[in-house]
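The sequence and the structure are shown first.

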Amino acid sequence: MARRLPYRSEDQNVACVTATEAIQMASCRLSDAEIDAATAVLESGQLVQSELTARFEQVFAARMGTRHSVACSSGTAALHLVYDLLLEPGSEVLVPAMTFLSTASMILAAGCTAVFCDVDPDTWLIDLNDAARKVTPRTRAIVPVHLFGNPCDAGAIESFAASCGLMIIGDAAQAHGAAHCGRSVATLGVATIYSLYATKNLFVGEGGMICTDDAGLANELRCRRSHGLGADGLVRSLGFNYRLTEIQAAIGLAQLGRFDEMCQRRRRNAEILRNGLKETPGLRFQRVMPQAQHAFHHFCVAVDSGEFGMDRDGLAAALNERGIATAVYYRIPPHRQPLFADCVDVAPRTDDLSACSLALPVHHDLTDADLGCIVTAVRHAQRCA
């Protein structure tokens with residue numbers, strides 16, 4: 001288990017847990033079953049992609065509700081594979097401005113243009129009204145990002161895409177287990193990508209997965225993740241070395257055995273945080289739509305400095321002093337990065353959120369004492385502001 005830093009509090013009046021350890025943003029602790037599975041691979045000598053990876057793909061697809069999934073070396077690699085295969089160079093692709101960099105940067109890698117759309121100020125998800133204003137004759141696809149695990153409205157995305165003649169490529173890097181109206185986010189679009197990075201809801205260290213119902217697409221993606229090499233030994237298209245290892249596949253397979261429990265724990269933790277903080281002046285939560293099942297990769301709040309009494313960074317510093325880690329996503333959003341210096345897209349709501357949003361710990365390994373400490377510390381910071 002990763003070492004946790006000593007908990008310190010200068011204010012003995014803050015009832016901030018009985019624990020004596022810091023509260024981290026994520027837990028990368030592997031279970032005994034996962035460690036045993038990885039050890040078995042190491043002892044076998046079969047380290048590179050093989051039967052365990054194929055099995056992991058099958059079980060992951062079934063769990064996410066699709067016919068096929070394709071494992072690869074990272075979520076970024078998954079995006080690159082899909083974009084490079086499905087998009088013609090020169091195409092424009094609609095993406096939310098509030099997202100991780102690779103959602104957009106891999107569009108550039110595929111020779112296309114990322115068109116940044118603003119987000120809804122309540123759900124923090126792509127604003128289809130703004131997206132409609134940015135459709136041009138060169139627009140070929142839309143990438144709904146299920147930000148922090150909050151699922152997009154599948155019906156609305158599909159209606160929008162159909163009306164504009166666009167392909168849907170889903171970014172569920174943070175949304176393992178998320179669903180809308182009982183429908184897994186993996187089923188929205190021609191392909192949906194997941195990340196298996198160390199801090200994700202399902203984690204193997206580094207890794208990614210592409211879910212699809214299209215067998216032909218899955219087979220082509222498998223070729224391209226391995227230098228374009230087909231089953232007949234011929235290379236007909238440009239490929240990459242984006243394979244997953246058997247070690248990572250073994251960890252993922254074993255972890256799927258406790259995945260439902262981990263998801264339920266995150267949702268329970270989020271409910272405790274929301275109930276504990278809902279009366280706190282100056283805090284606004286990411287809205288979850290009716291019939292939506294949030295995966296809670298992150299539990300984020302928007303801090304109104306005027307009403308709360310301090311800004312987002314002040315709250316983060318106050319919590320850090322009490323041994324509680326926080327994170328900011330995304331302090332400099334993609335459309336403001338030097339990589340996209342030529343971008344002319346306007347996203348004022350994204351700019352506002354990037355300046356005031358703060359992620360609090362919500363991961364599956366938090367104890368009730370941890371959650372109580374977080375709630376108490378946030379309330380205390382507001383009272384003392």
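## A covered helix and its partner

Helix α8 is mostly covered, with seven of its ten residues buried, where buried means under 20% relative accessible area, exposed means over 50% and partly exposed lies in between, for a 1.4 Å probe and protein chains only. Helices here are DSSP runs of H or I with at least four residues, strands are E runs of at least two, and both are numbered from the N terminus. The model is a predicted one, in which local features need pLDDT of at least 70 and side-chain atom pairs count only at pLDDT 80 or more, whereas totals for chains, interfaces and linings use all residues. Residues are numbered from 1 along each chain as its sequence is written, and side-chain values use heavy atoms, with hydrogens and water left out.

The buried residues of α8 are Glu 246, Gln 248, Ala 249, Ala 250, Ile 251, Gly 252 and Gln 255. They pack against α1, α2 (51-64) and α9 (259-277), contact meaning heavy atoms within 4.5 Å.

Two packed helices are described by the angle between their axes and the distance between the axes. Helix α1 (residues 32-44) and helix α8 (residues 246-255) pack at about 150°, with axes 8 Å apart; the axes are lines fitted to C-alpha atoms over the stretch in contact, and angles run from 0 to 180 degrees between N-to-C directions. That angle makes α1 roughly antiparallel to α8, a term used for angles over 145 degrees.

| Helix | Residues in the α1 and α8 contact |
|---|---|
| α1 | Ala 33, Glu 34, Ala 37, Ala 38, Val 41, Leu 42 |
| α8 | Glu 246, Ile 247, Ala 250, Ile 251, Ala 254, Gln 255 |

The residues of this contact divide into nine nonpolar, one polar and two charged, where Ala, Val, Leu, Ile, Met, Phe, Trp, Tyr, Cys and Pro count as nonpolar, Asp, Glu, Lys and Arg as charged, and the others, Gly among them, as polar.

Leu 42 lies in helix α1 and, leaving aside its neighbours within four places in sequence, is in contact with Leu 47 and Ile 247.

## The chain as a whole

The protein chain has 13 helices and 13 strands. Its C-alpha atoms fill a box of roughly 70 × 55 × 40 Å, taken along the principal axes. Buried residues make up 54% of the 385 residues in the chain. Among contacts with a separation of 6 or more, 70% are between residues 24 or more positions apart.

Notes: Parallel < 35°, antiparallel > 145°, perpendicular 65-115°, else oblique.
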